[in-house]
Every structure is written in C-alpha cells, then in structure tokens.
Amino acid sequence: VQLQASGGGLVQAGGSLRLSCVASGRTFSAMGWFRQAPGKEREFVAHRSWSGGSTYYADSVKGRFTISGDNAKNTVYLQLNSLKPEDTAVYYCAQYFGGSYYRTQSYDYWGQGTLVTVSS
C-alpha cells in the first residue's frame with residue numbers, strides 16, 4: 001500500500017490550501033489526516049468514513065478544514081481555509097483499519113507527509 005500526499009506549501013495567515021492523498025495497492029477505505037508540528041506529537045485533524053457519510057474533526061480545525069474524497073480515484077482531500085500560523089505542520093494522510101478514529105494506532109498505512117507553513 002502506498003499513500004502519496006501533496007498540496008502543501010507556504011501561505012499567509014487567512015489563506016487556503018488543498019491537500020490531496022492518493023492511495024494505491026489496496027482497497028480504498030476510511031481515511032484520516034493528522035499533523036505534526038516541530039517538537040510536538042502527531043495529532044488528529046480529520047477523518048472520513050469510506051462512504052463519506054461520516055466525518056470528524058479536531059476542535060482546533062472545526063469550521064475551517066473540510067475532509068472529502070473521491071472513491072473512484074482512491075483519493076482523499078483536506079481543504080484548509082482561514083489558516084493560522086499554529087496550523088504550520090507536516091500533514092499526513094493515513095488509512096484507517098479500526099478503533100478510535102482520533103488515535104494514530106487506528107491507522108496502519110501512512111503517507112510521507114506534506115509540509116504546510118503559515119506565515120503571520
């Protein structure tokens with residue numbers, strides 16, 4: 001299984017980015033996005049069920065970020081709006097296999113990460 005994340009970059013506070021993650025080598029399933037800032041632990045950002053009927057967000061991004069997907073393309077997206085400097089981190093997509101959706105242990109395959117830098 002390979003997960004390829006892309007779309008990160010440098011953006012000013014208040015700006016937007018769209019991250020993409022393409023999965024290959026395995027039947028597409030529920031997916032999640034996590035992020036890791038320098039010196040901090042990896043934290044949950046968003047989760048999407050396989051059907052897209054259920055989505056969950058960390059409180060810190062609720063109302064600003066949106067997770068979506070295209071099962072035909074084995075792709076999950078994360079739209080980042082109203083970005084803040086504290087959103088600066090490496091963003092990782094991951095494939096969910098079971099358990100609590102907000103825990104890293106519930107995901108068995110991870111992408112390589114894409115860096116998002118928000119300047120003030």
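What share of the contacts between residues at least 6 apart in sequence join residues at least 24 apart in the protein?

1. Contacts. The share is 55%, counted among contacts in the protein between residues at least 6 apart in sequence. Keep in mind that this is a predicted model.

2. Secondary structure. The protein has eleven strands and zero helices. Read from the N terminus, the order of elements is β-β-β-β-β-β-β-β-β-β-β.

3. Overall dimensions. The C-alpha trace spans about 40 × 25 × 25 Å along its principal axes. The radius of gyration is 13 Å. For 120 residues, a compact globule would have a value near 14 Å, so the protein agrees with that expectation.

4. Burial and surface. Of the 120 residues in the protein, 42% are buried. The accessible surface comes to about 6,000 Å². Carbon and sulfur atoms account for 47% of that surface.

5. Charge. The protein carries 11 positive side chains and 7 negative ones. The centres of the two sets lie 4 Å apart.

6. Asn74. This residue sits in the loop between β7 (65–70) and β8 (75–80). Asn74 is not a glycine, yet its phi is positive, at about 50°.

7. Ser82. The loop between β8 and β9 (89–96) holds Ser82. Here too the residue is not a glycine, and phi is positive at about 50°. With 42% relative accessibility, Ser82 is partly exposed; exposed would require over 50%.

Methods
Residues are numbered from 1 along each chain as its sequence is written. This is a predicted model: local features need pLDDT of at least 70, side-chain atom pairs count only at pLDDT 80 or more; totals for chains, interfaces and linings use all residues. Side-chain values use heavy atoms; hydrogens and water are left out. Helices (H or I, at least four residues) and strands (E, at least two) are DSSP runs, numbered from the N terminus. The radius of gyration is taken over C-alpha atoms; the globule rule is 2.2 Å times the number of residues to the power 0.38. Buried means under 20% relative accessible area, exposed over 50%, partly exposed in between (1.4 Å probe, protein chains only). Contact means heavy atoms within 4.5 Å. Accessible areas come from the Shrake-Rupley method with a 1.4 Å probe; for residues, only the protein chains shown count as cover. Lys and Arg count as positive and Asp and Glu as negative; His and the chain ends are not counted. The place of a charge is taken as NZ of Lys, CZ of Arg, CG of Asp or CD of Glu.
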